[in-house]
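Hi,

Here's the structure I promised to pass along.

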Amino acid sequence: MKRDEEAFAAILEKEANADIFAEQQHLETELMKAISRNETVAQLYEWMYEDNVSGKVMDEWFMQLSHKYEVERMELKKKISETRQRIASLNTMQQNKDHFLAAVRKFMEMETLTPPLLRELIDHIDVYETQGTGKHRTQRITILYRFVGYIDLPKSPDDEPYTAETRQGVAVKYIPKMA
């Protein structure tokens with residue numbers, strides 16, 4: 001049981017960390033570009049102001065450029081703020097993963113499934129239309145876990161889907177998400 005928990009934690013870590021790390025790297029690059037451009041625009045505005053005061057730039061040209069630079073600075077400030085918030089939310093996602101693993105540990109140690117524990121672990125379940133008839137009837141169900149969403153498990157070593165017999169005539173089969 002402990003081995004299953006560790007394997008599940010490793011799968012979750014691999015899935016979440018790869019996505020989070022890639023997005024975090026991208027966002028940090030975008031943030032640095034936006035901060036650098038914001039500083040450049042501020043410097044350009046300052047130089048243009050000095051040129052206007054010294055008479056090198058006409059007032060009309062100064063007004064047009066100062067408006068353009070001010071609009072760009074406002075957009076950059078908004079982008080910087082949104083990017084910082086997104087980076088902070090990625091850090092929160094990392095913490096959520098840890099909360100989810102703690103909930104899974106509780107789940108693995110439980111004797112009976114209780115509604116509070118189920119609510120702590122699962123965000124919602126999507127149930128789709130039944131397909132087929134008779135004993136060939138199937139129904140797709142997607143479980144979205146709290147904090148982490150859908151978890152795509154890797155293929156089993158023997159390339160067979162994970163299957164569990166829940167009761168006579170009913171089997172639950174895990175089928176990886178289609179690419």
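First, some housekeeping. This is a predicted model, so local features need pLDDT of at least 70 and side-chain atom pairs count only at pLDDT 80 or more, while totals for chains, interfaces and linings use all residues. Residues are numbered from 1 along each chain as its sequence is written, and side-chain values use heavy atoms, with hydrogens and water left out.

On to the charged pairs. Side chains of opposite charge can pair when their charged atoms come close. The structure has four salt bridges (a side-chain nitrogen of Lys or Arg within 4 Å of a carboxyl oxygen of Asp or Glu).

Take R86 and E23: they form a salt bridge in which the closest N and O atoms are 2.8 Å apart. R86 belongs to helix α2 (residues 59-109) and E23 to helix α1, so this pair ties together parts that are 63 residues apart in sequence. Helices here are DSSP runs (H or I, at least four residues), numbered from the N terminus. R86 is partly exposed at 32% relative accessibility, and E23 is partly exposed too, at 29%. For the cut-offs, buried means under 20% relative accessible area, exposed means over 50%, and partly exposed is in between (1.4 Å probe, protein chains only).

E30 and K79 also meet through their side chains, with a salt bridge of 3.3 Å from N to O. K79 has a relative accessible area of 35%, which makes it partly exposed.

Then there's R37 with E72, a salt bridge at 2.6 Å, N to O. With R37 in helix α1 and E72 in helix α2, the pair ties together parts that are 35 residues apart in sequence. R37 is partly exposed at 32%, whereas E72 counts as buried at 18% relative accessibility. Salt bridges with shared partners also join E30, K33 and K79 into one network.

Last, N52. This residue is in helix α1 (residues 2-53) and counts as buried, at 15% relative accessibility. Setting aside neighbours within four places in sequence, N52 is in contact (heavy atoms within 4.5 Å) with V57, M58, D59 and F62.

Cheers

How values were computed
Helix = DSSP H or I, 4+ residues; strand = E, 2+ residues; numbered from the N terminus.
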